[in-house]
Amino acid sequence: MTAAFELRGLTAAVPGEKGAVRLVEDVSLSVRAGETLAVVGESGSGKTVTFTSALGLLPKPGRVIAGQALLEGEDLLALPPEQLRRRRGARIGMVFQDPLTGLNPVFTVGEQIAEVLRAHLPISRREARDRAAALLGRVQIPDAARRVDDYPHQFSGGMRQRVLIAMAIALGPRVLIADEPTTALDVTVQAQVLDLLGDLRASEGMGMVLITHDLGVVARQADRVAVMYAGRVVETGTVEEVFRAPRHPYTISLFRSIPEIDAPAGTMLAPIAGSPPDPARRPPGCAFAPRCFAVSDAHGCRSVRPDLIGAGHFAACHRQGAIEVAA
Amino acid sequence: MSPLLEVEELRRSFSGGRTLFGPRKPDVRAVDGVSFTLGRGETLGLVGETGSGKSTLGRLVLRLIEPSAGRVRFEGEDVTAASSSGLRAMRPRMQMVFQDPYGSLDPRMTAAEIIAEPMTAHGVRRAEAMRRAADMLGRVGLSPAMAARYPNEFSGGQRQRIGIARAIALDPALVVLDEPVSALDVSVQAQILNLLADIQARSGVSFLFIAHDLAVVRHVSDRVAVMYLGRVVEMAPRDALYGAPRHPYTVSLLSAVPRPDPAKERAKARIRPIGEIGSAAALPSGCRFHPRCPRARLVAARGVDAVQAAGTRLPRACVEQDPQLSPAGGGAHLAACHFPDEA
């Protein structure tokens, strides 16, 4: 079965003092229809840049210098700008973290959803408004027929995020990319919005990419996960595989560094020393080597860039196999 | 011995203001009658969602904002009634660390100047303060060689270390930490949490640790207070609160936290509060959680005296009487719920 959305060898860069600085490098990922792929990583790992690049939305002077972004087999990055613009919104939807900035305060939410519809479909204002109200109902906004005429400031944070989700699914996209969609929300509201995203994915059969830093959200929501570090995918597999037996030292260290709500009292956290490298000053070899508990010069950790290796469950680590027991 | 900090019936409302031609808007009761104590060397975690009043409470305790009513006693002295010179004399003993390690440090000052500032403000000579600031950098895990650098030369985690160094420079007895790790990446969060534990073990400082992340709060706290719309609705020793929560709001908060464990996540029955947190400008009657409370709906369905409210039938007590924080479950466990023994 072909992927709904697939990245192949995506590399994006910005000009730097000493030549191009690669923000993301050789990223290959795929998501099937009806599946949720979580992309996890810390700030600066490249998880957001990967998808803004793939959709032609990377701010200048950044640009994609290699790779493909295949939406149901069609390379978005080879399309003329106007066609790419039409694919976005229609066949691939996006939801971002901050539900305030995504909405225009001077238009009603109904007008904003209707605008998305009318940009792509030959329908009347009246019909667009009715469909907008129906969409608000689909994202479970109570009393949708009345609230369609309200302005964004009349909605709570969670309700605004629902409005943005309604806009993203308005044209029945095959893929929905949600970048930290619940990070700005309180935990009880987060749970409601995650439920909604899960329901929509199932009922629409969409492929969903969930970009997050929260391993709890991954465990709750995703089928597969890709872990990014310093612009690369360092581990990928099913959620069960990666959470039960993580293979990359970065993934292993991440699990050890988060406080768990069910952990026995008095459990010590094992932080990862230092911080991720600046994209312009990534070390040669494995970018995680300076912070890694298993680093070994004999294995080339500081000199040779490790490839993603595995079957189904992949990791980019020279010490794979040797470290799992110790971990 | 009296506790380090005693907070009694603390209140703060903010004026709702007036719309251009409209009527006066109702006041916002951000903190609406909160009492607790904090012992020496103890950490009290304060959790709640946006709008719960937890950050306002932290600032009221230090009198960074003035309370509308109530009293705060710190080391036996009345903070709320203190004159400005009296308050100034208490300041070195009660400090604050803010969430934003970017916005809370003056970009024109070096790391050492930032840390030295509270010392010079309290009479330490500049040369001495700068020398001690370099020592403080070492104590928070930074190199004293970084003393002459400016905030923009540090990462987020390093800046938060500077903020902590500044707060502990005068050897305070109390530090209020307002979301100290929520702007940091998870791998860096652990560094800061361990640093705070280390500082507390060595100095015996007390922490009022304000955060929305329930796992982080569990990790650092001895006791935990849960706030909802300006009130503490539950307060208990850490393990009692997380292991056997009594207030339905706490139950739903804990149920909503996603665990990094796929098997547990998928097997979990979720208890959802209905809708979203209300507004402190329009507090519900009776128990302020009643419009969202799943337990009230269950109790009403079982046939207690019920009334029509929030679009359904709810127990009369929940709709008409404001529950007080009272013993529930034994020990120091307190909950503000009319039905604390319901599952």
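## Basis of the model

The model is predicted, so local features need pLDDT of at least 70 and side-chain atom pairs count only at pLDDT 80 or more, while totals for chains, interfaces and linings use all residues. Residues are numbered from 1 along each chain as its sequence is written, chains are lettered from A and ligands numbered from 1 in the order in which they are written, and side-chain values use heavy atoms, with hydrogens and water left out.

## Where chain B meets chain A

The contact (heavy atoms within 4.5 Å) involves 47 residues of chain A and 39 residues of chain B. Together the chains bury about 3500 Å², with 55% of it on carbon and sulfur atoms; buried area here is the accessible area (1.4 Å probe) that two parts lose on being put together, summed over both.

Between chain B and chain A there are three salt bridges, each defined as a side-chain nitrogen of Lys or Arg within 4 Å of a carboxyl oxygen of Asp or Glu. Arg259(B) forms a salt bridge with Asp262(A), and their closest N and O atoms are 3.1 Å apart. On the side of chain B that touches chain A, H6(B) supplies the largest share, seven residues; helices (H or I, at least four residues) and strands (E, at least two) are DSSP runs, numbered from the N terminus.

## An enclosed helix in chain B

Helix H1 (residues 54-61) of chain B is largely enclosed by the rest of the structure, because six of its eight residues are buried, that is, under 20% relative accessible area, where exposed means over 50% and partly exposed in between (1.4 Å probe, protein chains only). The buried residues include Lys54(B), Leu57(B) and Val61(B). Just after H1(B), Arg63(B) takes a positive phi of about 55°.

## Aromatic rings

Over all chains, the whole structure holds seven aromatic pairs, counted when the ring centres of Phe, Tyr or Trp (its six-membered ring) lie within 6.5 Å, with planes under 30 degrees apart called stacked, over 60 edge-to-face and the rest tilted. The rings of Tyr228(B) and Tyr249(B) form a tilted pair, since their centres are 4.5 Å apart and their planes stand at 55°. Tyr228(B) lies in strand S9 (residues 223-228) and Tyr249(B) in helix H9 of chain B, so this pair ties together parts that are 21 residues apart in sequence.

Tyr249(B) is buried, with a relative accessible area of 0%. The rings of Tyr249(B) and Phe289(B) have their centres 5.3 Å apart and their planes at 65°, so this pair is edge-to-face. Phe289(B) is likewise buried, at 1% relative accessibility. In chain A, Tyr229(A), Tyr250(A) and Phe288(A) form one aromatic cluster.
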